[in-house]
Amino acid sequence: MQNTRHIRSLGLEDHDRLNKELGGGIPRGSIVLMEGDYGAGKSAISQRIAYGFCEEETTVSFLSTELTISGFLDQMNSLSYDVVDHLLDERLLFLHADLDTGGVLSGKSDEDSRMDLLTRLMDAETMWTADVVVVDTFDAILRNDPTFEALIRKNEERQAALEIISFFRDMISEGKIIVLTVDPSTVDGDAIGPFRAIADVFIELEMIEVGNDVRRQVSVKRFAGMGEQVGDTIGYSVRSGTGIVIESRSVA
């Protein structure tokens, strides 16, 4: 029998088959990198993951670079993911990163507040107390960090990523799970390269045109420490009032 003590279940077994398709959950001490272009469903999948963890009594910090708390609640409600009790019980911590002013990452509103966003991310101690930390979208922080950007311009991608990767490794050494969503079309591939290399779980969300339809699928590129067998491709849709639905057939 598979020992699942090191696996954190994504829950919602009666709601969808995502947890089963991903082998019973995410291994503790993992960095999960989820890539997808605009509209591929990164936010919906990450919201489903966060809600499922909360339902399993796993604590989650969710940092959004796009949604305010009002927008987050509206979107979760539209997917039938009722997170109000989880927020009130402090099982879920939601943070909005207002990158125009530095927002929660800086506590400042002056011109300097956009500087060193990765450093501010690492210094947000309360955020990192949770079992699972979701950053949606991570590429927005990379793009708005002048120090990171300057190193990338000098073709020093590994140096630019070194500090934050070292920090991530310290966090997962404590058994935490870090979920990063990235839109690869917004940043140079070389900038994402170091994060792809260190991700324990690396998945791509793809949109495939089939006739007049656009179908979505999760393409699993890497899944270290899996529980049960994980599928290579998982077809899914996002439905209002239902949330994530795993389709019976993935796109070939």
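Arg48 is buried, its relative accessible area being 0%, where buried stands for a value under 20%, exposed for one over 50% and partly exposed for anything in between, as found with a 1.4 Å probe on protein chains only. The model is a predicted one, in which local features need a pLDDT of at least 70 and side-chain atom pairs count only at pLDDT 80 or more, while totals for chains, interfaces and linings use all residues. Residues are numbered from 1 along each chain as its sequence is written, and side-chain values rest on heavy atoms, with hydrogens and water left out.

The side chain of Arg48 meets that of Asp16 in a salt bridge with an N to O distance of 2.7 Å, a salt bridge being a side-chain nitrogen of Lys or Arg within 4 Å of a carboxyl oxygen of Asp or Glu. This pair links distant parts of the chain, since Asp16 belongs to the loop between E1 and helix H1 (18-21) and Arg48 to helix H2 (residues 42-55), 32 residues apart; helices (H or I, at least four residues) and strands (E, at least two) are DSSP runs numbered from the N terminus. Asp16 is likewise buried, with a relative accessible area of 6%.

Eight salt bridges are found in a search of the whole structure. One of them joins Asp131 to Arg8, with 3.7 Å between the closest N and O atoms, and it links distant parts of the chain, Asp131 lying in the loop between helix H6 (117-123) and strand E6 (132-136) and Arg8 in strand E1 (residues 7-8), 123 residues apart. Arg8 is buried at 13% relative accessible area, whereas Asp131 is partly exposed at 23%. In another salt bridge, the side chains of Glu247 and Arg239 meet at 3.5 Å, N to O; Glu247 is partly exposed, with a relative accessible area of 27%, and Arg239 is partly exposed as well, with 41%.

Helix H10 spans residues 189-198, and its residues Ala191, Ile192, Pro194, Phe195 and Ile198 are buried. These residues lie on the same side of H10, because they cover an arc of only 145 degrees around the axis, the arc being that of the directions from the helix axis to the C-beta atoms. Among the elements that cover the buried residues of H10 are strand E3 (30-36), helix H7 (138-143), helix H8 (146-153), helix H9 (157-172) and strand E7 (177-182), where contact means heavy atoms within 4.5 Å. At the N-terminal end, H10 is capped by Asp188, which has a side-chain oxygen 2.7 Å from the backbone nitrogen of Asp190.

How values were computed. A polar contact is a pair of N or O atoms within 3.5 Å; within protein, one must be able to donate a hydrogen and the other to accept it, and residues adjacent in sequence count only if both atoms are side-chain atoms.
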